[in-house]
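Subject: Structure handover

Dear colleague,

Here is the structure for your files. Please look through it with the notes that follow it.

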Amino acid sequence: MRKEKYSEERIDLIVGIVTVVVVLALFGWLLISLGRRASNNLANVSGQITALGQTRRGSEQVFTYEPNKENIVDGAMVTWTVNGERVYEGAYKAGEVVELAYTPKETGKLSVVATVGNYHQTLTVDVLGPQLTVTVPDITVVYGDTLPEINYTVSGFVEGEEADFCYDGSCVTMADRLDVGVYDISLNKDCCYLDYETQYQYGKLTVLPRQLCLENEICKVYDGTNTVENPELRLSNVVKGDNVYAQTDLLYFDNKNVGCDKLIMLGNVELCGENACNYVLPDFVCGKITPKQIEVVGLTVKSKMYDGTTKATIDKMGTLNGVCPGDSVAIGNISVSFEDAGIGKQRIIANGVTLIGADKNNYVVREIETPNAEIDDASTFWDKLLYKEPVAQGAN
């Protein structure tokens, strides 16, 4: 009996030991399997996913995945998953980029998973609100002109949302009337719309000087120079109420010679007055130089015997009086005649004066006064008959 009891206890011990060994073996195998699976999973997480810039609601974003291509074969399954939803399936082609073009519909966190064969990677990005761009244009005006209405433009709407846009802001400047300069144009309030982020591109208002004109024409009589001393300068195109005037001691024509629509340089004219900074003068205006009148002095005519005509012959040509120093001008020819063909002292008519010389066009000759000349009665009866001069009654 004791021997049988001893045998049963020994059998139970052996069974217990075997059971423990088996359990330990199974547990070890399980740990090894789990380790291998974890190791395999870690090995399959490869490469990286990149995105182009910021990710915004309503705007297409391109995600690019670059796995370990050495162990990927053509035809391997490509899968893209966004926030747990499978959005793309396809086959891998060697040499091609693995990309996903995706347009988020909501803001918040976005989890993107790319899988190629046994490789995968995850990227989490923040989806921002759409971006509106409010653009205020550049404006250029001339000082004193009424400022135009300045309108802004808005771009960047998600399709279908522009119709709901409501913004009652307006463009503003510092004042309605501004001095010459450059000023910022801004909006009088911020633009808030749905979940949009707003950026502003403000324009500039440029106020240009107002160009003045001369109300009076600058004229002078030829004097051998191209200057005008202490000219009168009356300005036009001045804004009502402004204080501005011009002053100078000298104006300069482009040359000294007679002519109309001659250029006058205004470079040395100064604008003065409280509002002078808002105005400019043109570089040139047009003026006029008229010819100088001169006279012929010392002209004499020879007396003659009666011939029934007014023809006269110059005795002394005379000289010009009033020519500017240094000018080249002289008498070329003068046409003279008796006022009457009758016998006795007769008035001499001088006309048709021709001037010669480089400066001849800058002068005109006034009416010439010459001493009277005489037509003598030295003719015979036949001379008078020939020239049809009536013979006195009783003459031989």
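The notes below go from the whole chain to single residues.

This is a predicted model, in which local features need pLDDT of at least 70 and side-chain atom pairs count only at pLDDT 80 or more, while totals for chains, interfaces and linings use all residues. Residues are numbered from 1 along each chain as its sequence is written, and side-chain values use heavy atoms, with hydrogens and water left out.

Whole chain

The average pLDDT (the predictor's confidence in each residue, from 0 to 100) is 86, and 84% of the residues score at least 70. Residues 34-43 have pLDDT below 50, and this stretch has two contacts in the model beyond near neighbours in sequence; a contact means heavy atoms within 4.5 Å. Residues 390-396 also fall below 50, again with two contacts beyond near neighbours.

The secondary structure consists of two helices and 37 strands. These are DSSP runs numbered from the N terminus: helices are H or I with at least four residues, strands are E with at least two. Of the 396 residues, 31% are buried (buried is under 20% relative accessible area, exposed over 50%, partly exposed in between, with a 1.4 Å probe and protein chains only). Among contacts between residues at least 6 apart in sequence, 59% join residues at least 24 apart.

Strand β37 and its surroundings

Strand β37 (residues 373-376) has A373 and I375 on its covered face, and E374 and D376 on the uncovered one. In a regular strand the side chains alternate between the two faces of the sheet. Strand β37 runs parallel to β30 (residues 304-305), joined by two bridges, and antiparallel to β34 (residues 344-346), joined by three. Strands count as paired if DSSP finds at least two bridges between them. The bridge partner of M305 in β37 is D376, and that of K345 is E374.

F338, in strand β33 (residues 330-338), is buried at 2% relative accessible area. Its contacts outside four places in sequence include A373, E374 and I375. F338 and I375 are 37 residues apart in sequence and 8.9 Å apart in space, C-alpha to C-alpha.

L299 sits in the loop between β28 (292-297) and β29 (300-301) and is buried at 1% relative accessibility. Among its contacts beyond four places in sequence are I314, I334, V336, I368 and P371.

Salt bridges

There are 17 salt bridges, each being a side-chain nitrogen of Lys or Arg within 4 Å of a carboxyl oxygen of Asp or Glu.

- D359 and K256 meet at 3.5 Å, N to O. The pair links distant parts of the chain, 103 residues apart. D359 is buried at 9% relative accessibility, whereas K256 is partly exposed at 26%.
- R234 and E215 have their closest N and O atoms 3.6 Å apart. R234 lies in the loop between β20 (227-229) and β21 (235-236) and E215 in the loop between β18 (213-214) and β19 (218-221), so the pair ties together parts 19 residues apart in sequence.
- D307 and K304 have their closest N and O atoms 2.7 Å apart. K304 is buried at 15% relative accessible area, and D307 is partly exposed at 23%.
- R57, E161 and D195 are linked in a network of salt bridges.

Regards
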